[in-house]
Amino acid sequence: MVDYKLISKVLYITGRGGSLEKGLAVYLAGIADEFDGVAVSPQFLRQEPLHQVQIIQEKIKEEPTRPIIANSYGAYLTLLALIDIDVTPDMVLLLSPVLGAANAKDRMYYSRPPLTNRLDAAFANNTLIKPKVIKLIMGDQDELYSSERISTIDSYFGMETAQIVAGEGHMLSRRVVQEFVNDNLMLP
């Protein structure tokens with residue numbers, strides 16, 4: 001953990017079952033003067049999916065100039081929260097995001113989160129707000145990785161959006177995550 005604050009504010013959206021008291025949340029709270037977040041906890045997940053999205057959207061609207069860092073399913077909900085939002089966030093960093101339906105043919109794996117059609121329609125209809133900076137990092141061994149989805153992201157937000165890390169799975173290593181966060185927040 002860092003003894004001094006390197007950024008003024010950050011908003012963190014955890015992955016499914018995440019906590020604001022451990023893991024990446026502790027690191028982010030340690031580098032920010034003001035830390036806020038949404039824990040995508042079992043209790044949070046009991047709400048209707050659209051209500052989950054609205055909660056995240058309201059958090060973004062509170063202060064769109066602060067960096068937003070979202071992990072896994074929280075990153076998926078964050079993308080959904082960007083649909084027709086009436087502010088433009090300065091920066092959004094997505095870590096191992098769920099990007100809609102995923103199908104790993106070689107592992108008999110299929111995932112289809114709620115509101116997938118809504119996200120697909122937002123990409124097709126250009127209703128997903130484009131933050132000033134949006135970056136995504138994902139491992140090439142992530143069972144949710146889809147070159148087609150990454151192509152959609154890069155086409156929509158810009159060709160420099162996605163960074164795919166060789167040999168990393170869905171749980172990105174601490175080193176990879178900290179480097180990605182630090183590089184994008186321009187920390188020493």
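These notebook entries record what I looked up in the structure.

**Basis.** I worked from a predicted model, in which local features need pLDDT of at least 70, side-chain atom pairs count only at pLDDT 80 or more, and totals for chains, interfaces and linings use all residues. Residues are numbered from 1 along each chain as its sequence is written, and side-chain values use heavy atoms, with hydrogens and water left out.

**Sheet.** I took helices (H or I, at least four residues) and strands (E, at least two) as DSSP runs numbered from the N terminus. Two strands pair if DSSP finds at least two bridges between them. I looked up the strand order and found an open sheet of six strands, S2-S1-S3-S4-S7-S8, with parallel pairing. Strand S2 (32–38) and strand S8 (162–165) each have a single partner strand and stand at the edges, so one side of each lacks a neighbour in the sheet. Neighbouring strands are turned by 15° against each other on average, direction ignored; axes here are lines fitted to C-alpha atoms, for helices over the stretch in contact, and angles run from 0 to 180 degrees between N-to-C directions.

**Strand pairs.** I then checked two pairs within the sheet. S1 and S2 run parallel and are joined by six bridges; Val10 has Phe35 in S2 as its bridge partner. S4 (residues 91–95) pairs with S7 (residues 133–139) in the parallel sense over five bridges, and Leu95 stands opposite Ile137 in S7.

**Helices on the sheet.** I counted contact as heavy atoms within 4.5 Å. Helix H6 (residues 147–157) lies across S7 and S8 and runs at about 165° to S7. Helix H7 (residues 174–185) lies across strand S1 (7–13), strand S3 (68–71), S4, S7 and S8, at about 170° to S4.

**Burial.** I used under 20% relative accessible area for buried, over 50% for exposed and partly exposed in between (1.4 Å probe, protein chains only). Five of the seven residues of S1 are buried, and the strand is mostly covered. In helix H4 (residues 72–81), 10 of the 10 residues are buried, so the helix is largely enclosed by the rest of the structure.

**Positive phi.** Ser72 has a positive phi of about 50°, is found in helix H4 and is buried, with a relative accessible area of 13%. Asp84 has a positive phi of about 55°, lies in the loop between H4 and S4 and is exposed at 57%.

**Pocket and cavity.** On a 1 Å grid over the protein atoms alone, a cavity is a set of points where a 1.4 Å probe fits but cannot get out, and a pocket is an open set with protein on both sides within 12 Å along at least five of seven lines; lining residues have an atom within 4 Å of a point. Grid points are joined across faces, edges and corners, and a volume is the space filled by probe spheres set on the points.

The largest pocket holds about 600 Å³ of space. Its lining has 25 residues, of which Tyr12, Gly23, Leu24, Asn71 and Met171 lie nearest the centre. Helix H1 (24–31) and H7 each supply at least two lining residues, and H1 gives the most, with four.

I found one cavity of 30 Å³ or more. The largest cavity is lined by Leu99, Gly100, Ala101, Ala102, Leu144, Ser146 and Arg149.
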